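Could you walk me through this model in my viewer, one selection at a time? I would like to know what to pick next and what I will find there.

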Amino acid sequence: MRHDRLPDGFGVRIDPRVRAYSGGRILIGGSPARLLRLAPEAAEMIGDGYLEVTGPKSAVVARRLLDSGVGNPRPRLLPSPDDVTVIVPLHNNADGLTRLLAVLRGHNVIVVDDGSDQPVQVPNNRGTRCKVTVLRHDDKQGPAAARNAGLRAATTEFVAFLDSDVVPRSGWLEVMLGHFSDPEVALVAPRIVALDPESNALARYEHTRSSLDLGRRESAVHSRGVISYVPSAALLVRRRALLAEGGFDESMQVAEDVDLCWRLEQAGWRLRYEPAAHVAHDHRISFRAWFGRKLFYGTGAAPLGERHDPSMVSPLSVPSWTVLATFLFATLSKWGLIGGLITLATALVRLRRVFTELDNPTRIAAIYLSRGFFAGLWRLASAMCRHYWPVTLVAMLASRRIRRIAVTMAVADGLADWFTHRDAGGLDPFRYLAYKRVDDIAYGTGLWLGAFRARSLEALKPTAPRR
């Protein structure tokens, strides 16, 4: 575990979703959610929700806020963009490379030609306004090997990985570089947005629900958090940290970015998702290519489960009391209703013990219990339609009651998801729902296919969250 001190001037802002109690001495929030107790002196340092590091004591408090997920970094120091080398892995996408180089003004760029049919020629530096070096693999070795080749060739302190089908937006690099004033940060990722969100209906859906777009909320990246990994389409990394961990796993053809994030985390490094930095991605918007890509992503869970704790790749993590209460309510019977209410009441009593030192602990426990139950219910509905859709289909064929419940939950889950993202893509709820369900079928098919190839069910097993 690393213990490098945050520099003076580094700031931490309490996340707006965090709730403070007892004069700021108790904070509830983070990802995953937790209760954080602070000493009175530490609570006074935070004041109106912002803490600036001014010495060893405030540095310790700031680190604790960051590691618990209740605070977000506000660095003031900015490493030089001259300390960054851009690495572009490439296979048969010369047009994308030309488009990308046109916006990389003044950067040192290493293009790794991974066995393209036509070898990449060194572009005219006068036209691109950046220094370009081309490395070539005579045979295709995969994106992980291409990135590692560029990583070994670079000499700067930081390395930016950009796929050839992306276009960085203005200010993308500077926004992310500030995070490296924290000496324990090894990797920062921008938000991946759509390059052309309006070309057809599928493009509008992908603009809203791309697997690469992790949303508008900044976050630490934790294997068991809301943001559990970041995609390798665009990354900014500390070069020595990646070299120390061996870079990308070249034996993985999918999910090598997830594996890298988790290995860095296990080594004690911090990782950040910075949505204020935007990098546009040329999404696949023909149905066949889009469906195939979603299926491909699903196959990554099984190899991840072989390399890491299988619970980290579990498609469903819901407390046992949520599963029991949902099952009892789903029976649509008098005794099922009574049993579900008893289950929730028992969970409420247990949760109340956590908040005994707060004013009105029953009310606070009830609020967090209801939030947890409905969030768990949403995860169950989503998993039923996505990860476990083959099981759901068989159950629907066997039972009319299950068929009614499954259809209701599938429609409700899709419409709730559309309502959450309705302002982004502009799709009507009917087409959005259709694409969402096909999206889930594609990913779920890949998940089961990957498990079959690995001859293991570990990537399919549900788990209960760790306490």
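Start by selecting Arg272 and Glu218: both residues are buried. This is a predicted model, and in it the side chains of these two meet in a salt bridge, with 4.0 Å from N to O. Now colour the elements around them. Arg272 belongs to strand β15 (residues 270-281), while Glu218 sits in the loop between α7 and β13 (219-220), so the pair ties together parts that are 54 residues apart in sequence.

Next, bring up a whole group of charged side chains: Glu206, Lys294, Arg386, Asp413, Lys436, Arg437, Asp439 and Asp440. Salt bridges that share partners join these residues into one network. If you want to keep going after that, the structure holds 32 salt bridges. Side chains of opposite charge can pair when their charged atoms come close.

Now move to Arg209 and Asp417. Their side chains form a salt bridge at 2.9 Å, N to O. Arg209 lies in helix α7 and Asp417 in helix α16 (residues 400-425), so this bridge links parts that are 208 residues apart in sequence.

How do α7 and α17 lie relative to each other? Show α7 as residues 201-209 and α17 as residues 429-454; their axes come within 10 Å and cross at roughly 70°. The two helices are therefore roughly perpendicular to each other.

For another charged pair, select Glu52 and Arg76, whose side chains meet in a salt bridge of 3.3 Å, N to O. Glu52 is in strand β5 (residues 50-52) and Arg76 is in the loop between β6 (71-74) and β7 (84-90), so the bridge ties together parts that are 24 residues apart in sequence.

Finish with something nonpolar. Select Trp335, Ile338 and Ile342 and show their surface: together they make a nonpolar patch of about 340 Å². Trp335 is found in helix α13 (residues 334-352). At 64% relative accessibility, Trp335 counts as exposed.

Note on methods
Residues numbered from 1 in each chain as written. Predicted model: local features only at pLDDT ≥ 70, side-chain atom pairs only at ≥ 80, totals over all residues. Heavy atoms only, no water. Patch = residues over 30% accessible without salt bridge, like charges linked within 9 Å, V, L, I, M, F, W, Y side chains within 5 Å. Areas by Shrake-Rupley, 256 points an atom, 1.4 Å probe, with all protein chains shown as cover. Helix = DSSP H or I, 4+ residues; strand = E, 2+ residues; numbered from the N terminus. Buried < 20%, exposed > 50% of the residue type's maximum accessible area, 1.4 Å probe, protein only. Axes fitted to C-alpha atoms, helices over the stretch in contact; angles between N-to-C directions. Parallel < 35°, antiparallel > 145°, perpendicular 65-115°, else oblique.
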